[in-house]
Amino acid sequence: MSKMTLKTEGDRHVVVTRRFAAPPEAVYRAHTEPKLIQKWLLGPDGWTMPVCVNEARPGGKIRYEWTDDKGGGFHLTGEYLELVPFSRIVHLERMHLPDPTPDNHVETRFEPDGTGTLMTMRMTLPDAETRAAMLGTGMEHGMEASYVRLETMI
Amino acid sequence: MELAEPFEMTQPAVSRHLKVLESAGLIVRRVEGTKRPCRLAPDGIAVIDQWLAMLREALATNYDRLDEVLAAMQPEERKDMP
C-alpha cells in the first residue's frame with residue numbers, strides 16, 4: 001500500500017503527503033513531544049537521537065542530535081514560527097554538516113481523514129550545493145548504515 | 001540577450017529565470033565579455049532525482065516507524081477517556 005507521496009512544486013518546494021491511522025492530535029504530538037520524537041525521527045537502524053530539544057511555541061528552539069554510536073553524528077537546529085495545536089506547524093531548520101545548510105522553511109499540516117490523519121508537509125527544495133552536501137553525507141554514512149537520515153533537513 | 005528574444009518577456013525577467021535554473025544546478029553560465037553564455041548541466045537533473053530518492057527513502061523509513069509509535073499511543077489515550 002502506497003501511503004506516501006512526494007513531489008516537487010515549482011522550482012523551490014517539495015510537497016510530501018502521508019496518511020496515518022491515528023487522529024491529528026496524536027500525529028501532532030508525535031512531532032512536538034521529545035519523548036515521542038526520539039522514537040521515530042531516526043533514519044537508518046542503529047541511529048539514535050540522544051539530544052532532543054523541542055520548544056513547541058512560536059519562537060521556540062529545536063535541536064536534534066543524532067549518533068550512530070560509532071563516532072558518526074550530526075545535528076539540526078531550528079525555530080518555530082507558528083503552531084496551531086493539532087493542525088499546523090511552521091518552522092525553520094538547518095542541518096549542520098558541520099557547516100549549516102541554508103534555512104529550510106517547513107509547513108506541516110495535519111487534517112482529519114476518516115478516523116485517521118492526512119499529513120501534508122511543504123518544504124524548501126535546497127539549492128544544488130546543499131543537495132550535493134547532503135548526498136555526500138548520505139554516501140558517507142551509507143557505507144555503514146545504508147543511507148543518512150534525511151528527515152533532518154525537513 | 002539572445003535567449004530572451006523568442007520570449008514575450010523582458011530581458012531582466014529572463015535573467016531571473018536563468019538565475020533560478022543556475023542555483024538549481026540545471027544550467028551552467030560563464031562570462032564572455034558582456035555575454036553570459038548558458039549551457040545545460042548534464043548531471044543536474046540526475047542529481048535532483050538522486051536527492052529526491054534519498055529523501056523519499058529516509059521519510060518512508062521514519063513514517064513506518066511513526067506508525068508503530070502512534071499504535072502504541074492510542075491505548076493510553078483510550079484509558080484516559082471517561
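## Val27(A) and its contacts

Val27(A) is in contact with Phe20(A), Ala22(A), Phe110(A), Thr117(A), Met119(A) and Leu70(B), leaving aside its neighbours within four places in sequence. Two residues are in contact if their C-beta atoms, placed from the backbone, lie within 7 Å.

The model is a predicted one, in which local features need pLDDT of at least 70, side-chain atom pairs count only at pLDDT 80 or more, and totals for chains, interfaces and linings use all residues. Residues are numbered from 1 along each chain as its sequence is written, while chains are lettered from A and ligands numbered from 1 in the order in which they are written.

## Nonpolar cores

Val27(A), Ala30(A), Leu41(A) and Leu70(B) have the most contacts inside the largest nonpolar core, which has 20 residues. Such a core is a set of buried Ala, Val, Leu, Ile, Met, Phe, Trp, Tyr and Cys residues joined through C-beta atoms within 7 Å. A residue is buried if 20 or more other C-beta atoms lie within 10 Å of its own. H1, H2 and strand S4 (61-67) of chain A, and helix H2 (44-80) of chain B, each supply at least two residues of this core. H1(A) gives the largest share, four residues. Helices (H or I, at least four residues) and strands (E, at least two) are DSSP runs, numbered from the N terminus.

Another core, of nine residues, lies apart from this one; Val16(A), Trp51(B), Met54(B) and Leu59(B) are among them.

## The sheet of chain A

Eight strands of chain A form an open sheet with antiparallel pairing, in the order S1-S2-S8-S7-S6-S5-S4-S3. Strands pair if DSSP finds at least two bridges between them. S1 and strand S3 (48-54) of chain A each have a single partner strand, so one side of each is left without a neighbour in the sheet.

S1(A) and S2(A) run antiparallel and are joined by six bridges. Leu6(A) has Val16(A) in S2(A) as its bridge partner.

## The contact between the chains

Chain A brings 28 residues to the contact and chain B 26 residues. On the side of chain A that touches chain B, strand S1 (4-9), strand S2 (13-20), helix H1 (24-32), helix H2 (34-40) and helix H3 (128-145) of chain A each supply at least two residues. The largest share of that side, six residues, comes from H3(A).

## Confidence

Over residues 139-154 of chain A the pLDDT is below 50.

Technical notes
Buried ≥ 20, exposed ≤ 12 C-beta atoms within 10 Å, placed from the backbone. pLDDT = per-residue confidence, 0-100.
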